[in-house]
Amino acid sequence: MPQSARANAKPGLRARQQAQRKQQILGAAKSLFTTKGFDETSVAEIAAEVEVSVPTVFNHYGSKVELLLAVILTGHEKVTRRAQKARVTWEGDVYGGVAEILDVISDISDDILSKQAWRHAEATNIQNPGSPF
């Protein structure tokens with residue numbers, strides 16, 4: 001393989017590896033936030049779970065709060081997709097459709113994070129109204 005072809009192949013592989021590592025960090029954070037709570041989970045624990053360094057976690061997510069936001073936004077995307085699928089089954093039953101969407105939101109909300117983490121997100125939003133929370 002010519003040198004230029006190898007140089008072009010590496011960024012693609014590297015980008016995929018970085019994306020995979022970022023997802024692994026996100027998954028570990030979600031799991032730890034859910035089981036231990038946001039305040040009791042350290043970035044070092046998240047890094048250890050994925051077997052990376054703490055700076056690697058910060059390279060992908062600037063702070064623990066940004067990591068929490070990424071977990072919440074990922075859950076929001078999941079809710080949106082499931083709610084859109086649920087709309088297809090309404091067949092004119094608005095009340096049933098709304099109830100189904102609320103069930104979807106409740107199920108995923110409970111799955112995403114603990115109540116403590118949701119309280120932290122709400123407090124962050126109150127303190128910083130312009131934040132993505």
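Start by selecting Phe-33: it is buried, with a relative accessible area of 0% (buried means under 20%, with a 1.4 Å probe and protein chains only). This is a predicted model, where local features need pLDDT of at least 70, side-chain atom pairs count only at pLDDT 80 or more, and totals for chains, interfaces and linings use all residues. Numbering runs from 1 along each chain as its sequence is written, and side-chain values use heavy atoms, leaving out hydrogens and water.

Phe-33 and Phe-38 form a tilted aromatic pair, 5.2 Å centre to centre with 55° between the planes (ring centres within 6.5 Å make a pair; planes under 30 degrees apart count as stacked, over 60 as edge-to-face, the rest as tilted). A search of the whole structure finds one aromatic pair.

Keep Phe-38 on screen and bring in Lys-64, whose charged end sits over the Phe-38 ring, 4.4 Å from its centre (NZ of Lys or CZ of Arg within 6 Å of the ring centre and within 35 degrees of the ring normal). For another such case, select Lys-22 and Tyr-61: the charged end of Lys-22 lies over that ring, 5.2 Å from its centre.

Now return to Phe-33 and show Ile-25, Ile-46, Val-57 and Leu-67 with it; of the 20 residues in the largest nonpolar core, these five touch the most other members (such a core joins buried Ala, Val, Leu, Ile, Met, Phe, Trp, Tyr and Cys residues through side-chain atoms within 4.5 Å). Colour α1 (3-36), α2 (43-50) and α4 (64-88), the elements giving two or more residues to this core (helices are DSSP runs of H or I, at least four residues, numbered from the N terminus). The largest share, six residues, comes from α1.

Finally, zoom out: the chain has six helices and zero strands.

Definitions and conventions
Buried < 20%, exposed > 50% of the residue type's maximum accessible area, 1.4 Å probe, protein only. Phe/Tyr/Trp six-rings, centres within 6.5 Å; stacked < 30°, edge-to-face > 60°.
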